[in-house]
Amino acid sequence: MDINECYYLGKITKKHGFKGNVIIHLDTDEPELYSTLESVFIESNGKLIPFFIESVQSYQGDKLLVKFEDFEANEVDKLINRSLYLPLNTLPKLEGTSFYYHEVIGYTIFDQTNTEIGTIKSINDSAAQAFFEVDANGKQILIPMIDQWILEVDRPNKAMLIEIPDGLLEIYLG
């Protein structure tokens, strides 16, 4: 499995107890969707290795308590801080103005007057408010990702229509 065909699920953060269990911190708004995982891919030296799950249970909000099949308890230290991935085709299809962050990279953003603003280069979700990082003819623009501002997601044309408040673009474009 190639990493470009997968999405980042989370990270193994620490071992739990002495029976080979680990704590996985999920990078998702809906951790309950992963309470029945059967397998994951773990990144090791740039490659994805499949690991099958013996048991999984919810653990403190966005975490899971997991035991991997055929993995000895004395080997779990090797898994700490490893990233976990799942195939993109396991994600449910979203419709309307809902989208996955990785899905809209490369989309063209238009404002409410159908004026092209630029191309989404990445999404910055490191702060309390997530932002689209948009390349507008060589200038980087940050547009807050506010649900009410996203008017349309046109998947076939890789475009997004956003209501941009007066004055926001002038901050960047003068």
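Trainee: In which sense do E4 and E5 pair, and over how many bridges?

Mentor: E4 and E5 pair in the antiparallel sense over six bridges, and two strands count as paired if DSSP finds at least two bridges between them, so the pairing of E4 and E5 meets that definition. The strands themselves are DSSP runs (E, at least two residues, whereas helices are H or I with at least four), numbered from the N terminus. Before going further, keep in mind that this is a predicted model, in which local features need pLDDT of at least 70 and side-chain atom pairs count only at pLDDT 80 or more, while totals for chains, interfaces and linings use all residues. Residues are numbered from 1 along each chain as its sequence is written, and side-chain values use heavy atoms, with hydrogens and water left out.

Trainee: Which six strands close into a barrel, and in what order?

Mentor: The barrel runs in the order E1-E2-E5-E4-E3-E6, with antiparallel pairing. Its twist averages 45° from one strand to the next, where the axes are lines fitted to C-alpha atoms (for helices, over the stretch in contact) and angles run from 0 to 180 degrees between N-to-C directions.

Trainee: Why is the pair of Tyr8 and Tyr85 called edge-to-face?

Mentor: A pair of aromatic rings is described by the distance of the centres and the angle of the planes. Rings of Phe, Tyr and Trp (its six-membered ring) pair if their centres lie within 6.5 Å, and planes under 30 degrees apart count as stacked, over 60 as edge-to-face and the rest as tilted. The structure holds four aromatic pairs; in the one formed by Tyr8 and Tyr85 the centres are 5.8 Å apart and the planes stand at 70°, so this pair is edge-to-face. Tyr8 belongs to strand E1 (residues 6–16) and Tyr85 to strand E6 (residues 83–87), so that the pair links parts of the chain 77 residues apart.

Trainee: Is Tyr85 buried or exposed, and what makes Tyr8 partly exposed?

Mentor: Buried means under 20% relative accessible area, exposed over 50%, and partly exposed in between (1.4 Å probe, protein chains only). Tyr85, with 13%, is therefore buried, whereas Tyr8, with 34%, falls in the partly exposed range.

Trainee: What makes the aromatic pair of Phe51 and Phe68 edge-to-face?

Mentor: Their rings lie 5.4 Å apart from centre to centre, with 65° between the planes, and the pair is classed as edge-to-face on those values. Phe51 sits in strand E4 (residues 47–59) and Phe68 in strand E5 (residues 63–68), so the pair ties together parts that are 17 residues apart in sequence. Both Phe51 and Phe68 are buried, and together with Phe71 they form one aromatic cluster.

Trainee: Which strands are the edge strands of the open sheet?

Mentor: The open sheet is built from six strands in the order E10-E9-E8-E7-E12-E11, with mixed pairing. Its edge strands are E10 (139–144) and E11 (150–154), each of which pairs on one side only. Here the twist averages 35° from one strand to the next. Within this sheet, E8 (residues 116–124) and E9 (residues 131–136) pair in the antiparallel sense over five bridges, and Thr119 has Asp135 in E9 as its bridge partner.

Trainee: What makes Thr108 count as buried, and which residues does it touch?

Mentor: Thr108, found in strand E7 (residues 108–111), has 17% relative accessibility and therefore counts as buried. Contact means heavy atoms within 4.5 Å; leaving aside residues up to four places away in sequence, Thr108 touches Glu116, Gly118, Thr119, Lys158, Ala159 and Met160.

Trainee: What is the phi of Asn81, and where is Asn81 found?

Mentor: Most residues other than glycine have a negative phi. Asn81, although not a glycine, has a positive phi of about 70°; this residue is found in the loop between E5 and E6 and is exposed, with a relative accessible area of 52%. Asn137 also has a positive phi, near 50°, is found in the loop between E9 and E10, and counts as exposed at 83% relative accessibility.

Trainee: How far apart do the C-alpha centres of domain 1 and domain 2 lie?

Mentor: The domain assignment gives domain 1 (3–89) and domain 2 (107–171), with bounds that come from an automatic or database assignment, and their C-alpha centres lie 33 Å apart.
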